[in-house]
2 protein chains.
Amino acid sequence: MIIKHLVIGISAVVGLCSALPAAAQFQKPEDAVKYRKAAFTVMGAHFSRIGAMAQGRVPFDGAAAAANAEIVANLSKLPFAGFVDGTSGTEKGTPKANVWTERAKFDAGAKKMQDEVAKLAAAAKANNLDQLKVAFGSAAATCKACHDDFRNQ
Amino acid sequence: MIIKHLVIGISAVVGLCSALPAAAQFQKPEDAVKYRKAAFTVMGAHFSRIGAMAQGRVPFDGAAAAANAEIVANLSKLPFAGFVDGTSGTEKGTPKANVWTERAKFDAGAKKMQDEVAKLAAAAKANNLDQLKVAFGSAAATCKACHDDFRNQ
């Protein structure tokens, strides 16, 4: 226990403090990676269903859009806890190391996405396709911004 | 379009009707499989954090238990849409064919789990460890029941 506290103390000193609460939720780094990918998978599935309506590929259904948007908004809070130290990559689709070296920018991007999908949920509830299109575009832009900056292409 | 409607009509006649709305949400069966696995992964991660408290492996934190339980309750509604036709398996961890041949029983098991995790969320909000332990046990039993009956061991 003393050693554990000492390790935590040392880690904090070398600047890993902010990642510790998230890391502590997972037994292994692989679990964190699996978790964050899973959260994005579920979120993406529901987001794309709204996109299909916003882009006219399927008929607009306000109730379905609202249900999907609520799921997206709930899910949007989850994946970022899975970005624990030591889980960057180089392969396509993996997070680049700058997620950790530019963490404040990354976190701000995550927050922006969460704000925009909350607005998307509100727009969906308004049952107005034009509002939904605008909100979907804004939310999708926050996905792209982070992917461009922080994900290996 | 006519052919598509005809195919849907024929499928309905041969009894695939109930699976169609779910299947229509996914472009490919593999997408449905990936989706349902991802939903279970996220749900399981949060459920296991409540289990750690219920089983005394980490200190009881009512607010954390409630937050995790709410996520579990939200996620519990999602994975079953991913059990689309043609996605049974034989490998460990995959769904057995009786998910589809005993669909009413499977759906009842899913509903039971959803009900128990809703009770778990209520117990967690009550901020009472004893209640949480009972509710966690009941919810975990519903996981096991379905896994025993419908998942390849």
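**Close-up views of the predicted model**

**View 1. Secondary structure of chain A.** Chain A contains 7 helices and 0 strands, where helices (H or I, at least four residues) and strands (E, at least two) are DSSP runs numbered from the N terminus. This is a predicted model, in which local features need pLDDT of at least 70 and side-chain atom pairs count only at pLDDT 80 or more, while totals for chains, interfaces and linings use all residues. Residues are numbered from 1 along each chain as its sequence is written, chains are lettered from A in the order in which they are written, and side-chain values use heavy atoms, leaving out hydrogens and water. Of the 153 residues in chain A, 38% are buried (under 20% relative accessible area, 1.4 Å probe, protein chains only).

**View 2. The largest nonpolar core.** This core has 77 residues; such a core joins buried Ala, Val, Leu, Ile, Met, Phe, Trp, Tyr and Cys residues through side-chain atoms within 4.5 Å. Among the residues with the most contacts inside it are A:L75 and B:L75. Leaving aside neighbours within four places in sequence, A:L75 is in contact with A:A39, A:V42, A:M43, B:L75 and B:L78 (contact: heavy atoms within 4.5 Å).

**View 3. Packing of helices α6 and α7 in chain B.** Helix α6 (residues 103-125) and helix α7 (residues 129-150) of chain B pack at an angle of about 165°, with their axes 8 Å apart; axes are lines fitted to C-alpha atoms over the stretch in contact, and angles run from 0 to 180 degrees between N-to-C directions. α6(B) is therefore roughly antiparallel to α7(B) (over 145 degrees). Residues in this contact include B:F106 and B:L120 of α6(B), and B:L132 and B:F136 of α7(B).

Technical notes: Buried means under 20% relative accessible area, exposed over 50%, partly exposed in between (1.4 Å probe, protein chains only). Angles under 35 degrees count as roughly parallel, over 145 as roughly antiparallel, 65 to 115 as roughly perpendicular and the rest as oblique.
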